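Open the model in your viewer and keep the selection panel at hand. The stops below go from whole chains to single residues.

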Amino acid sequence: MTLTDLPTPTFGGGYDGEARPRMGFFTDTSICIGCKACEVACKEWNLVPEDGPLRISGNSYDNTLALGANTWRHVAFIEQDRPVQVPDVDLAAAAAAAAGAGTTAPQAREGLRWLMSSDVCKHCTSAASLEVCPTGALFRTEFGTVVVQQDICNGCGYCVPACPFGVIERREEDGRVFKCTLCYDRLKDGMEPACAHACPTKSIQFGPLEELRERADAKLEKLHEAGFDDARLYLRDEANGIGGAGAFFLLLDEPEVYGFPPDPVSTTRDVPGVWRAAAVAAGVVVAAVAAAVAGGRR
Amino acid sequence: MTPSQPPAGAASGNGRRRGRVRGSMVPEAEFRSYYGRPILKEPAWTLEVPWYFFAGGLAGASAPLAVAARVTGNQRLASSALTVAGAGIAASVPLLVSDLGRPERFHHMLRVFKPTSPMSMGSWALAAMGPAAVGAAVSDRLGILPGLGRVAEVISGVIGPSLCTYTGALVANTAVPVWHEARRELPLVFAGSALASAGAASTLLTPAADAGPARRLAVTGAVVELAAGQVMERRLGELGEPYHQGVAGRYARLAKGCTATGAAAIGLAGRRRPLAIAGAGLLLAGSAFERLAVYKAGFQSARDPKYVVKPQRERIDAANR
């Protein structure tokens, strides 16, 4: 193996006949109602401890604020000063009709658009957390998901700044790192993850990744036809810095508005260059020492 | 009605930073975020980590100095450098173990051998160099098993240079912008810092008549550290702001000041011990401040979403053009 040919842990690698289709999440934020049932179901099923006393953030209805060791699903709430879009309704005509009937009509005016989105671990194809883990605690399951083996993790913390999404975190009172497992235990029993099961609007969809991608493409086309030009799929494709994600999203604005990095890159993509720089620097150390003694002992 | 662009003058997304006063006409920086909250997590590491970078670098650069001094017949310098290498490594291991969330599982580091993880490779390097450097130093000081001691000395001299540069690779191999975008320069900054500290430490422990190579090494290391640091900051551009702000900024200024004055003092000292000792002390301090500056800059960089969003957005815009 050469340094320029570092393998990305492949799906099914090492599982032979036991490899399963890659499973994932498609989170369609256009139908998220911000109920936070996913957050609650995740905590209940996975026995995730509370993340401290409730503090009111003032950031709309979001008092969870971010993914972390004790938050594996996080619902973001974004309030925007722009009209709510009502597809297939001609507001001017409706106003005229309402005026004729003597009632109040909906009007096109400056308004409040409310975006809600349930965030989760992306289970990246090229998962920096997994690739930098020095103990092998982070591993690729037979479902293509990324999971921490809690009996192996020694809390070195390297995965924490390696993750380009800020997902994984050390639980300080425990010392180890924790994150979404995509309900590995439920998957092994043929069940869907708790968050997807609890979602009342099917905003969180679980299934084989290939199938989810087709479903997402169809939904995006429908939204574009209905005039939602801002709708976009985030992390759906494999041609990105993380080689595609096991959890991808349909968003109605730019990713950074939801707290996502707009163009994430797995740090280990650049690891050959990093090692080259370290080797050159080691050569400089050798050369400097040689030069220093070459001048004699005075 | 089709989805409309926001009316002129209206905020089009929450968290778009528009100057210190909300509604200011002059935007401070054009990027959008989720309530200005961080995208990345700050490292979970504590101060043991930069002090390990210092101690490991000190040991890593002292080990080859010991071998080189031995080869050129400078036994006193070889002895000093070997002692520094052994002591540096002996300090490194407890620093690293105590930083773990589960210190009793430190040996899990040796379950796998993983080139994508500089921490894995560094653990192996440390596991090999630790016994060698400590053994060689003990053998040299006590005069026991001299043959085995020399073998250990050579082993630690061979591993040493990578031990003082892999730590630069370790922080560069993260998503933290001020570290990742300095991936070409960080190992060299750490190499310079390690050389300066190793030269300084051996200057302190060696009689002036034999310490010439140590003094020269200290000056070379300081020059490499300062030059590589300059290149790094220039290449980072706006991403390098943490080196001029807050705690990281203070450490960076201290590092530059101590390293520059220390190098001048030790360079001019010659065999004048007091000046050489003052210079060596400043260089050791400068080397430690350098690691602390890099360490703290990473936290400041991870905390502000602009360092993540702006370069990534520019990359997307450039690709779309």
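Select chain A: of its 298 residues, 46% count as buried, where buried means 20 or more other C-beta atoms within 10 Å of a residue's own, exposed means 12 or fewer, partly exposed lies in between, and C-beta atoms are placed from the backbone. This is a predicted model, in which local features need pLDDT of at least 70 and side-chain atom pairs count only at pLDDT 80 or more, while totals for chains, interfaces and linings use all residues. Residues are numbered from 1 along each chain as its sequence is written, and chains are lettered from A and ligands numbered from 1 in the order in which they are written.

Colour chain A by secondary structure to find eight helices and ten strands; helices (H or I, at least four residues) and strands (E, at least two) are DSSP runs, numbered from the N terminus. Of the contacts in chain A with a separation of 6 or more, 66% join residues 24 or more positions apart; a contact is a pair of residues whose C-beta atoms, placed from the backbone, lie within 7 Å.

Now select chain B. Here there are ten helices and zero strands. The C-alpha trace of chain B spans about 90 × 50 × 35 Å along its principal axes. Of the 321 residues in chain B, 58% are buried. For chain B, 72% of the contacts with a separation of 6 or more are between residues 24 or more positions apart.

Show both chains and select the interface. On one side are 77 residues of chain A, in contact with 84 residues of chain B. Elements of chain A that each supply at least two residues to this side are β2 (73-80), α3 (128-132), α4 (159-162), β6 (169-170) and α8 (271-294). Pick out α8(A), which gives the most, with 17 residues. Coloured by class, the chain A side divides into 43 nonpolar, 17 polar and 17 charged residues; Ala, Val, Leu, Ile, Met, Phe, Trp, Tyr, Cys and Pro count as nonpolar, Asp, Glu, Lys and Arg as charged, and the others, Gly among them, as polar.

Which residues of chain A does G101(B) contact? Leaving aside neighbours within four places in sequence, G101(B) is in contact with N154(A), G155(A), G157(A), R170(A), G175(A) and R176(A). G101(B) sits in the loop between α2 (75-99) and α3 (118-142) of chain B. It counts as partly exposed because it has 19 C-beta neighbours inside 10 Å. For a distance check, G101(B) and V134(B) are 33 residues apart in sequence and 26 Å apart in space, C-alpha to C-alpha.

Centre on A218(B): beyond four places in sequence, its contacts are A196(B), G199(B), A200(B), T203(B), A263(B), I266(B), A280(B) and L283(B).

Stay in chain B and select helix α4 (residues 146-172) and helix α6 (residues 186-205), whose axes come within 7 Å and cross at roughly 145 degrees. Axes are lines fitted to C-alpha atoms, for helices over the stretch in contact, and angles run from 0 to 180 degrees between N-to-C directions. Residues making the contact include C164(B) and G168(B) of α4(B), and F190(B) and A194(B) of α6(B). By class, the contact has ten nonpolar, three polar and no charged residues.

Return to chain A for three loop residues. T141(A) lies in the loop between β4 (138-140) and β5 (146-148). T141(A) is buried because 20 other C-beta atoms lie within 10 Å. Not counting residues up to four places away in sequence, T141(A) touches V147(A) and Y184(A).

L47(A) is in the loop between α1 (37-46) and β2 of chain A, with phi near 55 degrees, a positive value in a residue other than glycine. L47(A) is exposed, with 6 other C-beta atoms within 10 Å. L65(A) is also found in the loop between α1 and β2 of chain A, and has a positive phi of about 80 degrees. L65(A) counts as partly exposed, with 17 C-beta neighbours inside 10 Å. Most residues other than glycine have a negative phi.

Note on methods: Two residues are in contact if their C-beta atoms, placed from the backbone, lie within 7 Å.
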